[in-house]
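Here's a quick briefing to read alongside the structure. Have the model open as you go through the topics below.

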Amino acid sequence: MALEKPQWTELFHEVVTSGLCTGCAACVVACPHDVLDYTTAEGAYKPFHLDVDGDAENCTHGEKGCTMCTRACPRFRNWETEIDQHRFGRERTDEEVFGVGDVILARSSDAAVRDQGQDGGFVSTLLIYALEHDLIDAALVSGLEGDGTTWRAEPRVASTREEVLETAKSRYTYSANLLAYPQAVERGAERIALVGTGCMVSAPGAMQSRKAGKIARRLSLTVGLLCSKTFDDSLFEEYFEAQYGIARRDIAKINIKGLFQIWTHDGSYHEVPLKGAHAFTREGCTHCPDFAAEHADISAGGIGAYSDWTLVIVRTDIGRELVAALQNEGLIETRPGDDDPGAVALLHKLARLSRKRWPETAVPGPRRLPVSSS
Ligand SMILES: Cc1cc2nc3c(=O)[nH]c(=O)nc-3n(C[C@H](O)[C@H](O)[C@H](O)COP(=O)(O)OP(=O)(O)OC[C@H]3O[C@@H](n4cnc5c(N)ncnc54)[C@H](O)[C@@H]3O)c2cc1C
Ligand code: SF4
Ligand code: SF4
């Protein structure tokens with residue numbers, strides 16, 4: 001990137017309109033001139049250039065040499081190789097289909113946190129520990145708007161135990177948590193954790209490897225969530241309500257374990273097939289090759305035989321130190337990944353399936369697979 005200065009025009013054509021854009025919003029929050037915005041209207045989940053200092057395809061700041069949006073984008077050109085090199089000092093091998101890292105199973109030792117969490121409450125335990133031990137000032141997470149009855153996910157800042165627990169559990173519609181970054185900075189945060197799906201948590205690595213300045217330094221911890229797709233918000237009315245009579249306001253919790261598990265406030269439990277929901281998959285997910293949030297410090301998921309445990313992939317030194325600290329303080333219980341060979345096999349399978357979605361016309365790295373499974 002030294003001689004050429006790729007900017008919004010290149011990003012617009014090569015990522016935003018080519019099908020590679022995941023809607024992570026990294027370009028929007030990295031733009032120092034505030035000329036990018038973000039829309040979820042009609043299921044878009046995409047950045048766009050405001051009609052000032054340029055137009056939809058052109059940016060006058062880019063023409064003058066600003067490259068911040070392409071530095072931030074975790075789908076621009078050789079993103080996977082560049083971020084692998086930066087984070088792990090090497091590229092992943094073909095066998096490391098879910099990225100670099102070791103699998104363990106973990107859950108909070110505190111039954112109340114487990115109860116609040118989606119699976120084992122591991123992510124919330126980690127965030128609370130990092131906040132209370134002054135390792136981070138804030139975390140970018142996902143909450144539900146208003147009183148929660150609309151089930152509309154919104155990016156939020158959590159800087160206390162209460163805010164972490166209020167925003168625990170999973171929403172399966174997209175939440176571009178990076179959009180809460182300006183709010184965290186307004187609160188004075190300098191060390192910020194990002195929680196998010198793989199597409200989002202590759203952004204700090206992209207920013208750091210391409211030297212995107214302050215934002216790259218501030219995003220100092222990344223917690224990834226395993227993910228094979230997110231849905232458009234219309235899923236609620238057009239699928240859950242229209243076909244199964246389950247209204248948004250009645251839903252207490254949703255999980256996915258091969259199907260939608262839906263608990264409602266009246267105490268009942270419903271199972272809804274995943275198959276019928278495919279039509280509501282966000283466009284940004286259809287070419288996503290990263291099931292396992294491969295560039296996070298720690299990735300977390302819910303696959304496996306033990307429903308109240310979180311499957312955790314520990315990837316970096318920061319991740320290893322945090323897990324060791326949580327163990328030493330007795331805040332989590334852990335067991336080896338080998339305790340659930342089915343979960344590890346499923347992790348490999350789902351990671352392989354996602355890699356095959358990366359278009360053959362784009363750079364080849366993310367499609368690379370072990371010869372035995374390609
Ligand atoms: C959209 C989505 C898809 C997922 N798909 C899979 C999957 O296919 N297979 C699998 O094994 N696991 C998947 N997960 C991960 C799983 O649901 C749990 O998040 C994970 O196991 C951690 O559980 P926990 O109890 O440790 O987390 P908790 O302690 O409950 O913390 C969860 C954290 O995730 C944040 N969060 C919630 N919803 C979103 C969202 N939409 N976007 C960004 N951040 C969010 C919360 O704010 C909270 O900080 C997915 C999660 C999400 C959000
Ligand atoms: S993938 Fe993210 S950073 Fe790249 S163009 Fe899309 S929203 Fe912007
Ligand atoms: S599948 Fe998940 S990680 Fe990939 S683009 Fe969609 S939301 Fe992001």
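Predicted model: local features only at pLDDT ≥ 70, side-chain atom pairs only at ≥ 80, totals over all residues.

**Helix H13**
- By that cut-off, Leu235, Phe236 and Phe240 are the buried residues of helix H13, which spans residues 235–244.
- Look down the axis of H13 and its buried residues fall within an arc of 85°, so they line one face of the helix.
- Strand E10 (269–272) is part of what covers the buried residues of H13.

**The open sheet**
- There's an open sheet of 8 strands with mixed pairing, and its order reads E5-E4-E6-E7-E11-E12-E3-E13.
- At the edges sit strand E5 (153–158) and strand E13 (332–336), each pairing on one side only.
- On average, neighbouring strands of this sheet are turned by 30° against each other, direction ignored.
- Strand E4 (residues 138–144) runs antiparallel to E5, and 6 bridges join the two.
- To find your way along that pair, look for leucine 144, whose bridge partner in E5 is alanine 153.

**The E1–E2 hairpin**
- Strand E1 (residues 36–39) and strand E2 (residues 46–49) run antiparallel and are joined by 4 bridges.
- Aspartate 37 stands opposite phenylalanine 48 in E2.
- E1 and E2 make a hairpin with 6 residues between them, and glutamate 42 in the turn has a positive phi of about 50°.

**Around ligand 1**
- Ligand 1 is surrounded by 32 residues, the closest being Gly117, Val123, Ser124, Val141 and Gly301.
- Elements giving two or more residues to this shell are helix H7 (122–132), E4, strand E6 (192–197) and strand E11 (298–301).
- Three of those, E4, E6 and E11, also turn up in the strand order of the open sheet.
- Sorted by class, the shell around ligand 1 has 12 nonpolar, 17 polar and 3 charged residues.

**Around ligand 3**
- Here 13 residues surround the ligand, and Thr197, Cys199, Cys227, Cys285 and Cys288 are the closest to ligand 3.
- The shell around ligand 3 splits into 5 nonpolar, 6 polar and 2 charged residues.

Terms used. Residues numbered from 1 in each chain as written. Chains lettered and ligands numbered in written order. Near = placed C-beta within 6 Å. Nonpolar A, V, L, I, M, F, W, Y, C, P; charged D, E, K, R; others polar. Pairing = 2+ DSSP bridges. Axes fitted to C-alpha atoms, helices over the stretch in contact; angles between N-to-C directions. Buried ≥ 20, exposed ≤ 12 C-beta atoms within 10 Å, placed from the backbone. Arc of directions from axis to C-beta. Contact = placed C-beta atoms within 7 Å.
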